[in-house]
Amino acid sequence: MIDFPQSTILVVDDDPQIRSELMSALSNYGYKVKTAKDGSEALLSVQSYLPELILLNVSMPEMGGYEVCRILKADSLTEEIPIIFISDSDAVETKVKAFESGGADYITKPLHIAEVLARVHLHLSLHHLQMHLVLKNKELSQAMFDRVGILKDLQRTNLLLHAQKEAAIDGIFAVDEQGRIASFNRRFCEMWNIPYGLFLGSDPSYEAPNGVPLGSYLIKSDLPDVLTNLLETTYDEPDAIRSGEIVFDDRIFDYYTSPVNSEQNKFFGLIWCFRDITAKKNAEIRQTQLLEDLRKAKEEAEIAVSTKAAFLAMMSHEIRTPINGVIGMTQLLAGTDVDEEQAKYVRTIQVSGEMLLSVINDILDFSKIESGKLELENSPLDLRALVRDIYDVQLPKAREKKIKFEVSMHSNVPPFIVGDVTRLRQILLNLVSNALKFTDMGAVKIGVRLVTDHLPLEGYPFQLLFSVTDTGIGISDEQMQRLFQPFAQASAATSRKYGGTGLGLVICKNLVETMGGRVHVESKVNSGSTFSFTISTEIAKDVPVYTLQDAIAKNDISSSIRLGDRLPLRILIAEDNLINQELAMAMLIKMGYQPDVVDNGLAVLETLQVNHYDLLLLDVQMPEMNGLETATYLVEHWHDLHTGYARPIIIAMTASAMQGDREMCLQAGMDDYISKPIMMESLQRTIEQWASGKKKEPAIAVATDEDLKKEKAPSVIDPAAIKNLDQINPKLIGRMVHLFTSEEAPVLLATLRQAIANNDLQEVSFTAHTLKGSSNILGAKALGKLCLEVELKGKQGDREGLPDLMLEIETQYQNACEELANLVNYSATQSRSQLK
């Protein structure tokens with residue numbers, strides 16, 4: 001075998017026999033052999049696979065060996081490949097030309113295989129040796145370059161170390177393993193009153209590259225005795241790390257000494273660091289004296305505060321007793337037979353007494369906090385019930401000011417936690433009351449969520465975040481500084497206009513901090529405020545659950561009183577149509593209920609998590625999330641909402657526009673449905689049947705012959721619908737007609753007209769459905785039937801005839817408006833005549 005196995009050799013010759021002989025011989029010796037029959041093929045072969053040696057015939061058709069060689073030598077990629085020429089001629093001129101063109105050797109035919117192998121081996125050896133030398137030269141050049149870089153880095157590092165040493169606030173002194181001075185800085189000399197030139201050696205050869213003299217030995221007489229003793233003592237045991245304090249003249253130094261060792265633990269020297277701590281020591285002495293003075297002053301202040309707090313607590317209790325009596329007696333007096341003027345005086349006394357009691361309560365709480373006598377309970381509480389109670393208490397105030405009042409509680413908040421329900425209610429009630437007090441328009445929102453995204457585990461504490469956001473008058477940066485100061489409000493004008501002691505927020509802040517949380521305020525003048533606070537709590541284990549059956553069991557059902565009094569229920573209406581909202585609310589209020597209203601399915605899910613509801617009246621068609629989707633989610637994922645109470649009864653409100661709508665409601669999980677337009681008797685009967693537990697299966701309503709006759713011969717306005725509204729509330733007719741003719745219908749007609757023009761059939765169907773429901777409520781059945789026809793065409797994708805139907809709808813709408821206006825005028829005339 002040869003020394004260069006696997007080397008690739010290209011044989012280029014137009015004689016196939018020579019190519020074959022050479023390929024056989026070279027392959028037997030372990031070379032990889034490729035062949036080419038002419039110069040062009042040889043050049044192509046070199047481009048695809050680079051050989052390490054080429055055997056090239058001189059004379060070949062089309063392109064001779066000399067020309068191939070010149071081309072290869074002109075390319076930087078192939079110029080180093082050794083080329084051995086093969087020729088029939090032994091002439092000197094031929095050989096000279098071969099070498100001039102770049103050839104490495106010349107062999108004459110007939111070929112002797114031994115000679116060929118020897119020359120191939122020789123030139124491969126030379127080629128590999130040359131490549132090795134080139135590589136070594138590159139490595140040597142790189143090493144030299146790296147060494148120069150290292151020297152420059154070392155020089156730069158030395159300069160940086162010298163600069164750092166001179167810039168240090170510590171005095172630095174170092175000696176080598178033989179005790180010669182290795183390094184020091186000016187700060188060291190300044191500390192010990194030593195001339196900087198004392199350590200400069202007389203021999204300039206000791207000057208280091210960074211300018212620091214090396215090699216001088218310490219002279220004992222030149223140094224202060226205390227420093228000399230320290231240096232000698234620590235140098236006797238160089239392996240020990242020492243630290244301590246040393247006094248020189250009127251100054252105190254903190255010193256630290258450490259040996260300098262190599263990675264192999266070879267000793268290279270010793271270094272000392274000194275720091276002047278005189279000022280620090282003097283400050284510590286002054287601080288100790290100051291702390292002692294403060295301790296005495298604190299003890300005296302605590303005694304004074306405790307005395308004051310005890311006095312406030314006692315006086316608050318003493319004043320509170322007669323105030324309660326005053327308020328109680330005025331309440332009794334208000335229930336007696338008093339005239340209008342006396343009632344006014346009684347009301348004034350009541351309001352004044354309640355304000356005074358509020359002030360007393362704030363002072364009492366504040367005094368308890370100051371005296372450290374305020375204790376918190378740690379018992380299970382229903383968080384959603386607490387928030388719901390606050391919402392119920394403050395809702396009338398929000399409605400009175402026409403402010404939007406909302407609650408948002410995240411679904412992952414545990415329904416039952418451990419804490420002081422009274423104090424937590426006090427904090428939230430104070431913040432909500434303030435928000436409503438200082439907000440004249442816009443909205444107030446209560447928010448409850450976890451501080452982190454991690455779900456709390458039973459037995460482990462976690463943090464809850466409460467927030468109260470308003471769109472009120474806001475607070476300036478200057479006013480914010482006084483916000484949590486006792487007996488202070490944001491401004492004097494605020495105090496005059498809104499009243500109050502200025503203690504509420506102080507008490508809230510102290511209560512929150514006692515609960516392991518903190519208060520945060522964000523506000524902008526005239527843009528509103530957000531008061532937020534956190535508390536530390538845990539998941540409660542045993543909490544009672546309130547259900548609809550509990551409410552029913554506590555009340556005797558009697559037909560002599562209103563349904564809401566016999567069967568007290570919390571009812572939520574989900575309806576996006578303003579007229580439908582107004583009608584449903586009026587009916588329920590007449591029955592004795594105080595319903596809440598939302599306008600889409602997503603709002604239903606949020607509201608159910610905050611408030612406990614027994615009954616849900618759910619419109620089928622709503623934006624964002626319709627009634628069918630909402631009902632399906634509530635039935636399948638009720639436990640995922642973590643409400644803490646049983647799922648409310650779901651009653652659909654549907655217009656039954658298409659065959660199968662009723663069945664879809666029941667398949668979605670709804671318990672029952674009522675058809676639009678909603679009639680009072682039907683709604684009351686349905687609620688009573690479900691609340692009393694008498695209704696088990698929903699009954700599909702069947703249209704009577706009378707109903708069919710009415711539908712076949714529709715009038716402009718159905719008197720039965722107007723009569724239904726009059727029975728609910730005589731004033732409701734005018735309100736509903738105004739909503740229909742002035743607010744809702746014009747917008748819906750414009751939207752429907754544009755949707756038809758745009759061929760938006762989905763919007764056509766939805767808008768026609770909404771207009772149909774409002775029309776039917778007011779008895780405009782002819783208009784309702786036209787809307788139904790448009791709705792069905794939209795659902796079926798049928799564009800045919802929609803413009804004509806739109807014209808009929810607008811005509812019928814004008815007729816309905818005229819008749820409704822006449823009915824309203826007639827109703828008003830009748831009311832005036834009855835008053836006379």
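A salt bridge is a side-chain nitrogen of Lys or Arg within 4 Å of a carboxyl oxygen of Asp or Glu. With that rule, a search of the whole structure turns up 22 salt bridges. Before you click further, note that this is a predicted model, where local features need pLDDT of at least 70, side-chain atom pairs count only at pLDDT 80 or more, and totals for chains, interfaces and linings use all residues. Residues are numbered from 1 along each chain as its sequence is written, and side-chain values use heavy atoms, with hydrogens and water left out.

**Stop 1**

Select arginine 156 and aspartate 153. Their side chains form a salt bridge, 2.3 Å from N to O. Both residues sit in helix H5 (residues 113-167), 3 residues apart, which is about one turn of the helix. Helices here are DSSP runs (H or I, at least four residues) and strands are DSSP runs too (E, at least two), numbered from the N terminus. Arginine 156 is partly exposed, at 48% relative accessibility. That label covers the range between buried (under 20% relative accessible area) and exposed (over 50%), using a 1.4 Å probe and protein chains only.

**Stop 2: a strand and a helix**

Now pick glutamate 245 and lysine 281, whose side chains meet in a salt bridge of 3.0 Å, N to O. Glutamate 245 belongs to strand S8 (residues 242-248) and lysine 281 to helix H8, so the pair ties together parts that are 36 residues apart in sequence.

**Stop 3: two loops**

Next, select aspartate 440 and lysine 401: they form a salt bridge with the closest N and O atoms 3.4 Å apart. Aspartate 440 lies in the loop between helix H11 (421-437) and S14, and lysine 401 in the loop between helix H10 (383-400) and strand S12 (404-409), so this pair ties together parts that are 39 residues apart in sequence.

**Stop 4: a network**

Select Asp13, Asp88 and Lys109, which are linked in a network of salt bridges.

**Stop 5: a loop residue**

Is leucine 457 buried or exposed? Leucine 457 is exposed, with a relative accessible area of 54%. Find leucine 457 in the loop between strand S14 (443-450) and strand S15 (462-470). Its C-alpha atom is separated by 8.2 Å from that of glutamate 538, 81 residues apart along the chain.

**Last stop: cysteines**

Cysteine 69 is buried, at 0% relative accessible area, and cysteine 817 also counts as buried, at 16%. How many disulfides (pairs of cysteine sulfur atoms within 2.5 Å) does a search of the whole structure find? The search finds 0.

Key:
Disulfide = S-S within 2.5 Å.
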